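Please read this note with the coordinates open beside it. It takes a handful of local features in turn, and each point can be checked on its own.

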Amino acid sequence: MMRDTWHGCVRGLAAVLVMAVSPIAAPQTQTAVAALPARAAPPASCDTVDELSSGYIPLYELNLPGRAYWPGGKTVPYALNRSKLLSSRQREPYLDRVAYCLDTVTRAGSHEWAYASFDAFTNNLSRLGVPSATIAQPVKRLTTWGSHVKHVEQAPGGYIEFWPNAYDPAASRNAPTGDSTVYDFSDTPRGSAPGYGSMQVHNTAAKETVLALNGWNRGSGRFLDIGTGNQKTGQPDWTFSQSGRDLASARLTVWVKPATPNASTCEQTVSELADYRLLYDVAVPQTAAVWAHGIPYAVDNAKSIRTPISRVAYCLDGMYGTDPAWGYASMNTWTQDLTTLGVPMTGAYGRRVTGLTVRGSDVAPADNSTGYLEIWPNRYSPRIAQNAPAGGSNTTYDFADTPQPVAGPIPGAGGYGSFQVHDVTHRRTVLAVNGWAAAPQTRLSAGIGNASTGQPDWTQAANARNWTRPHLKVYVRPAGVDITSGPTNAQLYPRDHATNKAAVTVHGRTTDRSVSKVEMKVYREEALVGTRQTSATGTWTLSAPITAERASYSVEVWAERSSGKTLLRRADDIVAGDGYVIQGQSNAAAAGWNYSGTAASQDLSPWVRTFGYSTPNPALSTDDRSWYRASGDGRDTTTTSVRGAIGELGVRLGQDLVNQSGIPVAIFNGAHGGQPSTFFKRSPSAPADPATNYGRLLQRVTAAGLKDAVRAVIWYQGESDTGLSGKPTAAQHNANVRALMASWRTDFTHLEHVYVVQIRNHCGALHSAAVQEVQRRFASIPGTSVMTTMGLDGHNGCHYTYEHGYRQLADRLTLPIRRDLYGAHLTTPADPPNPARAAWNNTAHTSIRIYLTDPTQKLHCDAGTQPDFTLYGTAAKVAQVTCGTGYLLLNLTRPGTGLTGITYFGHPGTATPTSAPVTPWITNDSGMGLLAFDRLPTTEPSTNPDRQRPR
């Protein structure tokens with residue numbers, strides 16, 4: 001939203017703090033990806049690093065003592081701390097680069113220093129100092145200088161290890177490959193261990209620590225670990241060195257560089273505009289009087305630009321107060337009539353647009369969103385228009401307003417005027433200019449993003465006087481090169497299992513003869529790894545492989561003319577991998593509850609993705625065609641707050657699969673709480689109908705390009721199929737789920753397996769034994785496995801906590817998936833214990849042996865499990881349960897004369913969000929509980945005495 005930015009508050013601050021240093025020899029140079037202009041001489045200290053004079057501002061200064069204890073990284077005695085000043089203007093600053101310098105003098109008088117800068121990894125200023133939270137990630141375009149470090153400029157290989165935790169030398173699964181026997185750039189933080197503290201910047205390409213500050217969270221009385229370059233003896237990253245005892249002085253300084261601090265136009269900030277032509281440009285006045293007799297365009301190229309056009313872009317830019325402000329939105333064109341793209345004096349355009357790209361100073365970037373235009377000279381009401389996007393308000397002015405009939409002259413008494421572009425995928429205004437067709441004295445309203453006060457779309461804000469030199473511009477892109485489909489940010493491409501690679505493909509059309517070549521460039525972690533070119537006119541396709549691995553790829557598409565190259569599209573954070581679906585009721589949604597305890601956010605992985613989000617609203621579902629790094633917590637599926645959410649079960653399952661296989665995954669969660677199995681069925685006549693749950697999920701998977709790449713479906717449903725209150729019966733559940741499995745195998749053409757989670761006998765399903773029995777028998781269907789909820793203690797009788805519920809269930813599901821789909825050889829069972837049959841263990845009928853389908857599984861019996869068994873047709877009860885390998889033994893209180901069947905519900909248990917498990921269970925070596933079963937018949941004893949002997 002439009003708010004005062006922070007640049008004005010730092011004007012006049014000293015650019016750099018000067019430190020006393022001594023000259024050093026010129027450092028060695030490592031090959032860089034994109035070198036900066038050559039300097040006359042290398043710097044001799046941080047204050048002589050040239051780039052610090054290009055807009056960097058000192059954020060923190062910390063004089064490091066020999067000893068220090070800053071518990072949790074929250075009591076750091078900075079000599080300089082501008083974090084509150086720089087972020088005091090109601091929002092986080094938008095940063096371009098961050099720089100760190102560690103400057104030390106030994107007791108012997110030797111000056112040693114190191115400098116590192118890289119692209120900002122966060123805009124949160126509090127996370128740039130001594131860390132109080134864990135940040136372990138690559139950083140881009142690393143530049144280093146120093147007395148004991150190799151010099152690189154804008155190079156790949158940067159990595160930071162910031163955390164207050166203790167840590168192990170064993171390589172983290174998401175870290176670069178290092179030495180697991182020493183502390184270096186690939187260590188693993190231990191969140192539950194006593195603190196230690198790491199603040200390290202690394203150049204992994206050179207296998208080098210640039211600078212390190214460790215040990216500040218260990219305890220009072222301990223010397224700090226402070227060092228530059230690799231430590232020559234001991235641990236390379238200075239862990240355990242306590243080198244602070246050897247220093248006469250040390251200082252850590254942190255600088256930040258605001259992103260494009262002087263840019264106030266879209267042309268200065270949006271690269272794709274190089275391929276667009278300016279159609280209209282008009283200064284936005286303070287009052288409506290200036291536009292009362294027509295729009296006084298400073299530029300009007302409607303007659304000189306040739307059609308066809310492929311894209312349209314709108315821009316509002318200028319200075320808001322003392323700060324640059326700009327909002328940009330481009331989209332696929334909906335008309336070839338250029339005169340309709342300007343500010344209208346007649347006609348009302350309320351229309352949906354596709355392929356929306358959003359950039360701006362006060363609005364988060366987005367690609368391939370669904371947009372909506374509200375462009376008219378009329379007055380309008382907040383009432384939701386008939387054809388407007390879903391999710392609007394009838395009481396506030398937003399992206400779904402209704403233009404009113406004209407009641408007088410326009411401009412003037414009959415009009416007001418709206419020129420608004422909205423991103424309906426993310427439910428926000430991108431840019432707005434309002435009030436220009438009202439009475440002459442009316443002050444105009446203009447803004448970027450949603451307004452923080454008043455109406456979200458800036459209606460009646462009357463804030464034009466806060467702008468300096470604001471301009472509204474319209475651009476068009478001639479249909480010279482049109483990308484019809486291609487990668488978007490965070491996209492996951494399906495891999496070929498034989499080659500472990502995926503094809504990233506761009507389709508387009510070239511109609512401009514001046515375009516001599518279209519080129520596609522592929523980068524792996526910012527290093528160029530492939531190019532593809534085409535010189536053909538007409539339609540074309542460019543394709544390049546990427547590997548399915550824990551690495552991020554970027555793709556650029558360029559058009560080349562004699563006048564130079566133009567960037568057509570760039571997409572970042574692309575990966576290759578596998579697809580999965582989670583479907584069912586609320587325990588499949590696993591959205592997090594008020595008693596959940598530890599949140600799933602601790603298990604987020606950058607390699608787990610999703611597309612769109614689960615919502616019962618058809619319009620909201622079809623509007624969202626964006627890729628996300630998946631998140632877990634979030635309950636309200638009718639809002640944008642859960643975009644990218646796949647549930648707590650999905651988050652942990654994805655992390656497990658990625659960590660074990662090294663392959664990124666996309667998980668689509670289509671679950672909807674409280675619904676019977678009929679709710680999820682496929683419409684035979686319209687499988688992709690967005691009015692159905694099945695159709696919304698199918699549309700998402702298809703639009704993501706993974707319809708043929710879903711490897712497995714995880715199904716957790718049945719609480720609403722117990723035959724109560726008109727709900728489906730167990731027999732209907734059986735038929736419905738089998739039909740669903742057939743539907744999935746029809747639409748997900750390469751589906752390999754279905755994993756059914758057996759429900760527990762609570763959550764409103766107190767008569768669930770018959771459903772549990774049906775689900776147990778699904779294991780006999782080829783390509784189907786059944787997972788148990790028995791053994792999970794963290795619940796309230798219905799939904800689960802994270803730590804002792806969804807997290808453990810995900811860990812269990814990972815085992816059969818690894819076995820079935822990744823060929824893993826496991827040391828513990830992948831399936832829960834499943835009864836095959838029951839037989840009397842003696843002729844007195846006082847003991848029953850229940851045999852398992854897997855005779856190799858060893859069972860473990862907790863004391864107190866006997867009440868969880870029910871015997872039908874007899875007055876006998878279970879007095880004792882004994883576990884063995886491949887069986888369990890039930891000893892009865894009396895002869896079980898007349899026994900007709902045995903039922904095992906499992907134990908109801910109680911909610912234990914933070915405590916250790918307390919419920920008595922019958923489990924295997926994987927901790928999986930015995931599957932519940934209903935009315936298992938009992939046969940007479942075997943005539944083979946060996947079958948009676950306990951093993």
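The points below concern a predicted model, and they go through aromatic pairs, a cavity, a set of paired strands and a helix.

1. Aromatic pairs in general. A search of the whole structure finds 25 aromatic pairs. In one of them, the ring centres of phenylalanine 121 and phenylalanine 162 lie 6.2 Å apart with the ring planes at 85°, so this pair is classed as edge-to-face. Phenylalanine 121 belongs to the loop between strand S4 (111-119) and strand S5 (135-139), whereas phenylalanine 162 belongs to strand S8 (residues 158-163), so the pair ties together parts that are 41 residues apart in sequence.

2. The cavity. How many cavities of 30 Å³ or more are there? The count comes to 1 cavity, and the largest cavity holds about 30 Å³ of space. Its lining is made up of Tyr100, Leu102, Met199, Leu211, Ala212, Leu213 and Leu252, and these divide into 7 nonpolar residues, with no polar and no charged ones. Strand S3 (95-106) and strand S12 (208-214) each supply at least two residues of this lining, and S12 gives the most, with 3 residues.

3. Strand S41 and its partners. Strand S41 (residues 835-840) pairs with strand S42 (residues 847-852) in the antiparallel sense over 5 bridges, and within this pairing proline 835 stands opposite leucine 852 in S42. The hairpin of S41 and S42 has 6 residues between the strands, and there histidine 845 takes a positive phi near 60°. S41 also pairs with strand S50 (residues 938-939), in this case in the parallel sense and over 2 bridges, where the bridge partner of alanine 838 is threonine 938 in S50.

4. Helix H5. How many of the residues of helix H5 (residues 693-703) are buried? The helix is mostly covered, with 8 of its 11 residues buried, namely Asn693, Tyr694, Gly695, Arg696, Leu697, Leu698, Arg700 and Val701. These buried residues pack against several elements, including strand S34 (564-584), helix H3 (618-623), strand S38 (710-716) and helix H6 (730-747). After H5 comes glycine 705, whose phi is positive, near 80°.

Methods:
Residues are numbered from 1 along each chain as its sequence is written. This is a predicted model: local features need pLDDT of at least 70, side-chain atom pairs count only at pLDDT 80 or more; totals for chains, interfaces and linings use all residues. Side-chain values use heavy atoms; hydrogens and water are left out. On a 1 Å grid over the protein atoms alone, a cavity is a set of points where a 1.4 Å probe fits but cannot get out, and a pocket is an open set with protein on both sides within 12 Å along at least five of seven lines; lining residues have an atom within 4 Å of a point. Grid points are joined across faces, edges and corners, and a volume is the space filled by probe spheres set on the points. Helices (H or I, at least four residues) and strands (E, at least two) are DSSP runs, numbered from the N terminus. Ala, Val, Leu, Ile, Met, Phe, Trp, Tyr, Cys and Pro count as nonpolar, Asp, Glu, Lys and Arg as charged, and the others, Gly among them, as polar. Two strands pair if DSSP finds at least two bridges between them. Buried means under 20% relative accessible area, exposed over 50%, partly exposed in between (1.4 Å probe, protein chains only). Contact means heavy atoms within 4.5 Å. Rings of Phe, Tyr and Trp (its six-membered ring) pair if their centres lie within 6.5 Å; planes under 30 degrees apart count as stacked, over 60 as edge-to-face and the rest as tilted.
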